Amino acid sequence: MTAQLIDGKLIAQQVREEVAAAVAKRTAAGKTKPTLATVLVGDRPDSAAYVTSKGKACQELGMGSVSEHLPADATQEQVEALVRKLNANKGISGILVQLPMPSHIDEERVLSLINIEKDVDGFSPLNIGRLAQKGREPLFVPCTPYGCIYLLEKSGVKIEGANAVVLGRSNIVGMPAALLLIGKNATVTVCHSRTKDLPGTVRQADIVIAAIGRTEMVRGDWVKPGAAVIDVGINAVPDATKKSGQRLVGDVNFAEAKEVAGFITPVPGGVGPMTIAMLMKNTFRAAEIQNP
Ligand code: NDP
């Protein structure tokens with residue numbers, strides 16, 4: 001059996017086109033242009049690359065972008081003052097604080113400060129709290145798990161009643177992914193580094209979301225035949241045939257798992273492109289909430 005490939009690149013492109021059309025309609029009606037502010041503290045090259053690509057995506061979709069950069073030795077007070085300034089700025093629809101920040105910065109305090117109506121990453125405790133409560137809706141769903149669920153739904157995978165296993169319990173991927181699946185009436189098991197029988201647990205799953213950051217750890221014989229496998233992991237492995245000397249692989253052994261699964265996302269080209277697409281969707285939504 002060969003799994004159906006879930007083409008994240010294509011689905012992300014469709015999301016981006018929908019957002020671009022909605023932005024054009026909104027601005028043509030004379031309403032404010034959705035605008036994303038990114039906050040980068042320090043000089044991590046990966047973080048700098050991420051904020052650049054988020055700003056570029058905004059421009060491609062007709063949205064505004066503002067990039068704020070503080071030095072690595074910025075104080076907690078300086079970072080908090082910047083977030084307060086962006087909260088107060090009516091021209092900014094969404095605020096994205098790029099993580100991780102330097103270790104002397106209390107990230108939770110900074111994220112807690114973001115106005116819930118501008119929290120396009122969905123990481124503020126208020127948004128996560130609403131996600132966790134029955135009958136409550138968050139204003140924004142964290143982008144990567146939002147993308148995972150969107151890929152499942154677009155591919156016609158039935159979530160209601162499914163046994164779902166989420167590998168990883170981080171605040172940004174695993175935990176919100178599990179909450180979203182519960183909200184959609186799946187029965188969810190969350191695994192982490194102390195889980196005793198990972199292969200046996202994964203074998204029960206109709207849906208697997210792997211977000212552990214461990215190179216190709218999920219093997220083909222862990223996967224239940226016909227299961228939907230969403231691979232969030234991004235791991236670099238040496239590859240002498242590539243100019244960069246490396247290539248990216250997921251947390252799932254794709255070659256093995258695709259022979260067993262019903263649906264599978266590749267790495268790259270699966271969940272990765274969805275994250276920015278969902279951020280664009282959230283930024284548009286932020287503008288709509290603030291200036292309907
Ligand atoms: P974290 O390091 O924050 O969390 C990893 C989670 O996996 C933890 O809950 C940890 O358990 C668990 N874990 C680690 N090792 C094992 C193991 N051997 N067995 C079982 N569980 C394990 O990672 P993130 O959630 O931030 O990211 C996960 C992966 O997703 C990474 O590869 C990252 O690069 C990628 N990613 C991709 C994105 C995209 O856009 N495609 C966006 C964000 C992340 P414990 O809690 O016990 O420590």
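Into which domains is the protein chain divided? There's domain 1, covering 31-115, and domain 2, covering 142-271. Keep in mind that this is a predicted model. Taken over C-alpha atoms, the centres of domain 1 and domain 2 sit 29 Å apart.

**The ligand and its shell**

Let's start with the ligand. It has 21 residues around it, and the closest are Arg169, Ser170, Ser193, Ile234 and Thr275. Sorted by class, that shell comes out as nine nonpolar, ten polar and two charged residues. Which helix gives the most to the shell? That's helix H10 (residues 271-290), with three residues.

| Residue | Atom in the residue | Ligand atom | Distance |
|---|---|---|---|
| Ser170 | polar side-chain atom | oxygen | 2.5 Å |
| His192 | polar backbone atom | nitrogen | 3.4 Å |
| Ser193 | polar side-chain atom | oxygen | 2.5 Å |

On its own the ligand has 920 Å² of accessible area, and the protein covers 71% of that.

Next up, the inside of the protein. In soluble globular proteins, nonpolar side chains tend to be buried together. Here the largest nonpolar core has 51 residues, and the members touching the most others are Leu152, Leu181, Ile207, Ile209 and Met280.

Ile114 counts as buried because its relative accessible area is 5%, and the cut-off is under 20%.

Ser155 belongs to the loop between H6 and S5. With a relative accessible area of 17%, Ser155 is under the 20% cut-off and therefore buried. A polar atom of the Ser155 side chain lies 2.6 Å from the backbone oxygen of Leu151.

Most residues other than glycine have a negative phi, and most peptide bonds are trans. A few spots in this model go the other way.

Take the prolines. The bond from Leu99 to Pro100 is cis, with omega near -5°, and Pro100 sits in the loop between strand S4 (94-97) and H4. Val267 and Pro268 are also joined by a cis peptide bond, with omega about -5°. Pro268 is in the loop between strand S11 (263-264) and H10.

Then there's phi. Asn185 isn't a glycine, yet its phi is positive, near 70°. Asn185 is in the loop between H7 and strand S6 (187-191). Is Asn185 buried or partly exposed? At 47% relative accessibility, Asn185 counts as partly exposed. Glu216, in the loop between S7 and S8, has a positive phi of about 45°. Its relative accessible area is 30%, so Glu216 is partly exposed.

Terms used. Residues are numbered from 1 along each chain as its sequence is written. This is a predicted model: local features need pLDDT of at least 70, side-chain atom pairs count only at pLDDT 80 or more; totals for chains, interfaces and linings use all residues. Side-chain values use heavy atoms; hydrogens and water are left out. A residue is near a molecule or strand if one of its heavy atoms lies within 4 Å of it. A polar contact is a pair of N or O atoms within 3.5 Å; within protein, one must be able to donate a hydrogen and the other to accept it, and residues adjacent in sequence count only if both atoms are side-chain atoms. Accessible areas come from the Shrake-Rupley method with a 1.4 Å probe; for residues, only the protein chains shown count as cover. Helices (H or I, at least four residues) and strands (E, at least two) are DSSP runs, numbered from the N terminus. Ala, Val, Leu, Ile, Met, Phe, Trp, Tyr, Cys and Pro count as nonpolar, Asp, Glu, Lys and Arg as charged, and the others, Gly among them, as polar. A nonpolar core is a set of buried Ala, Val, Leu, Ile, Met, Phe, Trp, Tyr and Cys residues joined through side-chain atoms within 4.5 Å. Buried means under 20% relative accessible area, exposed over 50%, partly exposed in between (1.4 Å probe, protein chains only). Domain bounds come from an automatic or database domain assignment.
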